Every structure is written in C-alpha cells, then in structure tokens.
Protein chains: 2
Amino acid sequence: MAKRVTLADLAEQTGLNISTISRALSRPDRVSTETRRLVEKVASQLGYATNIAARNLSRGTSDTILVLAPSFEGQAISPVFTQILLGVCEEAKSLGLNVMLQQCLGQTVSASDVIRHLQTGVADSVLLVAVENWLPPTDGHAGETILPVVSIFRDLTASGLTSVMTQEADGYVAIVDHLVARGHRQFAFVSGPEGMHHEQVRYNAVRHRLSQLGLDRKLVRLEGGPFDMPSGQKAAESFLALKNRPSAVICCSDALALGFMHAILDSGLRVPDDVAIAGFDGMDYTAFTTPSLTTVIQPTLEIGRVAVQVLTDLHNGRITTPRLVALAPSFVIRQST
Amino acid sequence: MAKRVTLADLAEQTGLNISTISRALSRPDRVSTETRRLVEKVASQLGYATNIAARNLSRGTSDTILVLAPSFEGQAISPVFTQILLGVCEEAKSLGLNVMLQQCLGQTVSASDVIRHLQTGVADSVLLVAVENWLPPTDGHAGETILPVVSIFRDLTASGLTSVMTQEADGYVAIVDHLVARGHRQFAFVSGPEGMHHEQVRYNAVRHRLSQLGLDRKLVRLEGGPFDMPSGQKAAESFLALKNRPSAVICCSDALALGFMHAILDSGLRVPDDVAIAGFDGMDYTAFTTPSLTTVIQPTLEIGRVAVQVLTDLHNGRITTPRLVALAPSFVIRQST
DNA sequence: TTGTAAGCGTTATCAT
DNA sequence: ATGATAACGCTTACAA
C-alpha cells in the first residue's frame, strides 16, 4: 500500500511552503504561473490526491448530499426511484457533489434525525425520496432555521419542506379527458396504499375533473393496496365482482395497471374493448405489454436534477422560503384505451 | 444554526478530560460505569453528534463503500440495479458502513481511477456494478497489493477482481432442459449487446447444453443489441423474416423477451403455441404480462448483500486471493413456454 | 481508570 | 506572491 502523498510531501519536494501548495491547488489564480506549473507537475508525478476528510474537517462542509429513501421493499417506487437517482447523480456530479445513499426505516422522517446527520457532517444537505411524512423540529426555535432538505415525490411544503414532484393532477385530467372523448361514461379508480397522500391527491384529481364534466357520480373506487402488481390483480377481482362494471379503469400506478390488466385478460375480457385501462408513471414496460398501456410519464430524470439544483439553492441561501416545484408530465395514448 | 457540540464541550460540562469523553463514547467498557453514564447523559442533553470528518481524518478510514455503476442510461440493468442497491444498502447498514454512489462514464474502470478515489479517502472500498472491463494497475508492483474492490454481475476474476454474480449457466441449462422437455427442437437465442461478456457466456451456456443433447445444430442466434425492449422488438423482426422459424426463443434478458413477445403477438402469432419465449433476470413484471413470462430469477438482493460481505472480508484481509462467488438463480415456468 | 499530548492533512488568517 | 501558524474535532499511545 503506497504511502499517501500529502501536501507536506509536495512542499518538501518543491521547497515551497505547504500553504503555497494548498493555494496553488485550490486557487490557482492566487499564485504565480511559475509555481502553479511546478506544483501541478510535482503533484501529478507523485500522484497526489486531496485527503477529503482533512478538507472537510478544515472547511466544515462535506459537499455531500444524503439521499434518504424508505426501504424500497415494496417494489412499487423502485423503478421510478432508479430514474430519480440517475438524475440526482448526474446533477450532483456536474456540481461537484457526492451522493450518499441511505435507506430509512419507516414512511416518516423526523427533523431531529436529519439534523443529527447534518451535525455529523456526513452530508450537508438531504434529499427525501418518496417520504410520506416529515416531523418538523420540536425544539424551541422550530422552523426558524430553514433546513437544507428537499422532498421528492411528496409535497411536504405544508410541513415547511421545499418539494419537487410531478404535476400529477394534470396527468389525471389528461387521462379523464381522453377516456371521456373515447366515449366512456363509467369509471373505476384503482387506488394505492390506503392513507397515502399521493393516493388521495390522485383520486381527487380524477373526481374533480369528472365532476367538472358532470360525471362524478359515475366513479367507483377500488382498493389497490401497495403500488404493486399483485395489488392490481386483487383490485381486478373486486372489479369483476361488480354488477355494473365501469368501462374505463384509471390506476394509481403502472404496476397496479399491469396487475389489473393481467387479471382482466385472464378472465376473458378484452382490453380495451370491454375495459379500457390507464396507468401512471411511465415505466418502460408499459410500451411493450400486450396491449400496450396508456399512461402518464413522470419526468423522473428531470425531477432528480431539479431537486439537486433546488437543494443547492437552499443550501446557499438563494431560496429562503419553502416552495413547490411541480414538473409537467406527458400523456401517452396506447392500445389499452 | 445551533453551534456544533464537540467533545471539548462535553469535557467542559463534565469536568472530565476530552480523551475520557472520547473513550466513554467509543469504548464504553474502557471507562468506569459512573463516567460512562455521566458522559452519555450530558452527550444526549447537549445533542452531541460525532464529527465524521474529524474521526475519519484521525482514524484514516471512512467506513464508506463507493458504488460505481456505468451511466445507466440504457435502461437495461437499471431495474436489476435497484435491487442490488437495496441489498448493498441493507448489508452496509447492518455493518455500520456508508454507501456512496457514483456513476461512471464508460464500460471500463481502471485501477488508477479507483486508487485515486481510495487515496482521497472518500471511500475505503469499491463496488463495481455491471462494469464490463477492469484495467489492472500499470505501475511497477502491478497486482501485488490486492485492492478492496469487488465486481458485481461481471466475472472479473481473470483481471484479479473478486466477483459476485449469478450462476448464469445453471439458469440457461434449466431453460433449455425445460424447452426440450416441452418438445421443442429448434431454438433461437436473442443476444444482448455485441461484445458484452455476459452475452457470450449466456449464449455459450445455451449452445453447450444443446450440444450435450445433440441439438446444437438447431440453434439460431439473433442480434438483440442493448438489453432493452426495443432491441427485443427488433430481434423479433429478424425472427419473423426467417424461413424456418424455431419454435422456442431464449432471450438474454427479460426486457429483450418482453419486447420480442410484444412484436410476436403483434404479428398475430400465438405465445406459446406458435413460439415459446423465455427471459432472464426475474423482473417483477414478468409475472404479470400476458402471457406471463417464463424466466430465471437472479438473486439480486442476495448478490448485493454478499458483495458487501466479501468486500469487508477483502478489506480486512480475511480474503487474500481473488475468487468468484456465483449464487444460484431460480427458474420459474410460466405461460410463455 | 483517567489525563497529557501528539498527530491526522487541509484550509485560512495574518504577516511578510 | 509566499510563508508561518493556528485552527478543525477526534483518536490514541503513553504517562500518571
């Protein structure tokens, strides 16, 4: 194991002072061209690499983003999660930031936990991905100091957290309008996990649009459970048991839609002739199922990028008040409707 | 922003020496019960949190694993990747390690890059996920020192890297045997990206098994391109153009299989009656396509966990020579065959 | 068992 | 433009 090369080594080699070396490396403009060249040369010769721990200790920052995501055991968000992560990594890289990943136990994250993390200095800002609840600081000056924390997917502005997500209502409006244009008048909504905020927002978006069209009386809600395929399958059983079956089904996620469609086809009904089905998320497989699935594509990659940007803005005070950033989704009509 | 609490603060509060505080916190057994209690009490009162940078600097380690993955833009491995990541995070957490994520540009990672990272101290071991090539150290003592690096998915033991992956050949043997038992005698193999090692290994596994059964003359190979669905679709076009169509198709991934099946069904052929199709990976959607897809499930979560274990073994010298760890997959027969 | 003190490698503040 | 030097907060021999 080759001994680590330090600034002191470079100082010795060049005869310059250690502080000059440091400067030459971190602020090349604050040093003569001559020494800059010399230092760079010797540094690369000796294979110098900045010791990050030392830098962090001295600077008091870590240039690291901590990504906190609920144990993604429910496969539900995981595919979406991957895309988000990609966006986050790309943006972080371009900003010279590191990304640290940590799963969290439940659906709720508390400010005190996050503050603890920030205090250790492992990271100096935090990204919450698909976290349901946020417990604001409880100690005295609650909320006075704005934390460098951003929520992805879940609108937590009400709890004081800047949030980045898809403009979901728009997506569901597009779905409803499309189905109505296709002549459908009776609808079912396959919901996600009970009590999940998203779930509620999405259902309301559908119902609200239908009510605008005078059709909200024609909406049945089916319990879907987790955002996954088995839940969709289960919902389909309830659906098949209905005496008056709606002709169009709107699902809370693509996974639910796929599970639902699978069961419907299995039962001998035809899609979209007997039942039209729409999903939500924009999973890659939706374009290749048979029939292919009408869905709303979330701008996941962009969400990841934007979240990081907002996070840095927050971190260096360019944003001082919580805000919601909602990105437009895109609607794709496919064979299932 | 509440000023950070340091060991010095605790020392002042308790009247004890700073080193005693440090000991009480990190090696509670090396201190009297009395002081231990006192320190713990005051620490939690003041909300003390260890400064990681300082600890790392002092200890010379970071307790961090760097996960390096090729820009997952080709959606190909991404779903699998998520699962791997989950396993990695879980195991890391249970070992008290942090996980840092970084995308890398190409398919190749060089030892010098990794060594640079290790020297900065951001991480003290590295996990390569789906990295195609490894450029061993070029400087003098090449390969003398064993690096704390593990490859996931790709067997890089030949380049001196301990690797963790699925026992893929077993999976393909299972597929072949199953198809033969079903009466198939003519086969097509839809390959992955050209020149990718995996691709070759998998094809060989199929061909070898067929040759054992005296059927290797009956194998057609179709170029699939990237491990994704559009590629599968494209391969299906070549397939449909064949004058003598095989009755069974083995795909290099589930994504390819899905794309392939979509095109086949679109063309009016029936699955499995006209064409039997098998995939590989065990994506969740395979159980819910119509027809559902026969496939081989990779033990992704377990791979992630094991990789971390092996990595730590490597890191503290319990493993001194590169080895291959191949985990058994499981084969699921579904409607598509 | 507890205290003393010497690092760990950088950065930043002053002088020069 | 460069050099000395004091932090940064923790760990760890070594001494008491």
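Visitor: Is Ser125(B) buried or exposed?
Guide: In this predicted model, Ser125(B) counts as buried, because its relative accessibility is 5% and the cut-off for buried is under 20%.

Visitor: Where is Ser125(B) found?
Guide: Ser125(B) belongs to strand β4 of chain B, which covers residues 125-129.

Visitor: And which residues is Ser125(B) in contact with, leaving aside its neighbours within four places in sequence?
Guide: With those neighbours set aside, the contacts of Ser125(B) are Thr64(B), Ile65(B), Leu66(B), Leu118(B), Pro148(B) and Leu311(B).

Visitor: Switching to chain A, which residues of helix α1 are buried?
Guide: Helix α1 of chain A runs over residues 7-14, and within it Leu7(A), Leu10(A), Ala11(A) and Thr14(A) are buried. Viewed down the axis of α1(A), these buried residues fall within an arc of 105°, so they line one face of the helix.

Visitor: What do the buried residues of α1(A) pack against?
Guide: They pack against two other helices of chain A, namely α2 (18-26) and α3 (33-46).

Visitor: Which exposed residues does the face turned away from the buried side of α1(A) carry?
Guide: That face carries Glu12(A) and Gln13(A), both of them exposed. Just after the helix, Gly15(A) adopts a positive phi of about 80°.

Visitor: Now the interface: how many residues of chain B are in contact with chain A?
Guide: On the chain B side 55 residues are in contact with 55 residues of chain A. The area buried between chain B and chain A is about 5000 Å², with carbon and sulfur atoms giving 62% of that area.

Visitor: How many salt bridges does the rule find across the interface of chain B and chain A?
Guide: The rule finds zero salt bridges there, whereas it finds 15 residue pairs in polar contact across the interface, counting pairs with both residues at pLDDT 80 or more.

Visitor: What gives the most to the side of chain B that touches chain A?
Guide: Helix α5(B) gives the most, with nine residues. Among the elements that each supply at least two residues to that side are α5 (78-94), β2 (98-104) and α6 (111-120) of chain B. By class, the side of chain B that touches chain A has 25 nonpolar, 24 polar and six charged residues.

Conventions
Residues are numbered from 1 along each chain as its sequence is written. Chains are lettered from A and ligands numbered from 1 in the order in which they are written. This is a predicted model: local features need pLDDT of at least 70, side-chain atom pairs count only at pLDDT 80 or more; totals for chains, interfaces and linings use all residues. Side-chain values use heavy atoms; hydrogens and water are left out. Buried means under 20% relative accessible area, exposed over 50%, partly exposed in between (1.4 Å probe, protein chains only). Helices (H or I, at least four residues) and strands (E, at least two) are DSSP runs, numbered from the N terminus. The arc is that of the directions from the helix axis to the C-beta atoms. Contact means heavy atoms within 4.5 Å. Buried area is the accessible area (1.4 Å probe) that two parts lose on being put together, summed over both. A salt bridge is a side-chain nitrogen of Lys or Arg within 4 Å of a carboxyl oxygen of Asp or Glu. A polar contact is a pair of N or O atoms within 3.5 Å; within protein, one must be able to donate a hydrogen and the other to accept it, and residues adjacent in sequence count only if both atoms are side-chain atoms. Ala, Val, Leu, Ile, Met, Phe, Trp, Tyr, Cys and Pro count as nonpolar, Asp, Glu, Lys and Arg as charged, and the others, Gly among them, as polar.
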